Amino acid sequence: MHARVSPRFRPTLSRGGRRKTLLAVTVLTGAVMTTGALFPPAASAAKPDTVQKSLNTLVVDDQIPSASASVTDRKGRMHHYTAGVGDLKTGAKVPKDGQVRAASNTKAFTAVVALQLVAEKKIALDAPVDTYLPGLLRGEGIDGRHITIRQLLQHTSGLPEYLDKGAVLKDPQRYYEPRELLAGALAQKAHFSPGAKWEYNNTNYLVAGLIIQKVTGRPLGEEINRRIVDRIGLRHTYFPTPGDMTIREPHAKGYHRDTADSPWRDVTEVDPSWGWAAGAVISTNSDLNRFYTALLGGRLLPPAQLAQMRTTVPAEANGPGVRYGLGLMSTPLPCGGVYWGHGGTIPGYDTKGGVTEDGRAVNIALTAMPGDSATGQHVQTAVETTLCR
């Protein structure tokens, strides 16, 4: 998913002076947070916690403005970590467990609502889209009479991508109607026949959101807030209302740059309409841990629908051994077993994490998209190391 771009930051220092100042602030903040984070008592006296070391590396070596994490250990205790600078202009600290744009984690929320409607017999997983929205999907190789709800949620529909990252970054505060976004996808030809293979695609969840609205007669955001957020008490999670471009609670600012040599641009405030059912949710690391823990623990779906959500197909474009269910991914751990989650990437924020069968959980948030595959791998390794310790 992608976000809006705010006006370019104009430093008051000379270019060289700014770089030195920011480096000093970054290194100092990382050092302070290393000694001040919540570690297990035995580890804190001897050396920095491995989670904190991972965040420090992402800030210092990978040059991410800030990183944060929330970890639920084997005894159910929550620990929070931060590193870096929350505002490159002022040098403000990173809020502990601050809000972030959760991006494609939204797909898991949308899928849960759809599966709740399946449990209520208001949607059938293997019914075609035309059952609920006749004539909506028509195009070159595209026919809603042959694309099922399951294929939407599992990314096996063959629909083309609606999202135009360049357009979003060019005009990040523009409002989009869902059907306007869908029109951009339908102007393209199908990528493959429904069910032929797996391909990650935001358009699938755009259509799923439209079906949820048609079936319930209520806005998607209200259904997500009512059926998930309020139900399990996610106090810092919400689906933004149309036109709400802010992040309401304490947060680190999100940044984007086109190349490694480009200046950082503040992209914190955007119109979330372009992400909608595929990427609009705002949350915190700890709330995302609570959401996936509640989901896997059976608090949001009956057993039959949770089993459907966890029925997966290979999705190795996302990494070796990765499999995709219905808005939920399983990723193998080097210490054995898998963890379940989703993750999300948007200009300004990147989140990755998940939960294990025995209740361990971690979510890591960056305030910029990884600029290269090495940084992305460092985040992945940090998640794996945390869940395996």
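1. A network of salt bridges links Glu120, Lys122, Arg218, Glu222, Glu223, Arg226 and Arg227; a salt bridge is taken as a side-chain nitrogen of Lys or Arg within 4 Å of a carboxyl oxygen of Asp or Glu. The whole structure holds 21 salt bridges.

2. The model is predicted: local features need pLDDT of at least 70 and side-chain atom pairs count only at pLDDT 80 or more, whereas totals for chains, interfaces and linings use all residues. Residues are numbered from 1 along each chain as its sequence is written, and side-chain values use heavy atoms, with hydrogens and water left out.

3. Arginine 310 and glutamate 357 form a salt bridge, with the closest N and O atoms 2.9 Å apart. This pair links distant parts of the chain, 47 residues apart. Arginine 310 is partly exposed at 26% relative accessibility, and glutamate 357 is exposed at 55% (buried means under 20% relative accessible area, exposed over 50%, partly exposed in between; 1.4 Å probe, protein chains only).

4. Arginine 145 meets aspartate 143 in a salt bridge of 2.7 Å, N to O. Arginine 145 is partly exposed at 49%, while aspartate 143 is buried at 16%.

5. The largest nonpolar core has 82 residues, and Leu137, Phe291 and Leu295 have the most contacts inside it. Such a core is a set of buried Ala, Val, Leu, Ile, Met, Phe, Trp, Tyr and Cys residues joined through side-chain atoms within 4.5 Å. Another core, of 24 residues, lies apart from the largest one and includes Ala67, Val71, Leu88 and Tyr339.

Notes. Helix = DSSP H or I, 4+ residues; strand = E, 2+ residues; numbered from the N terminus.
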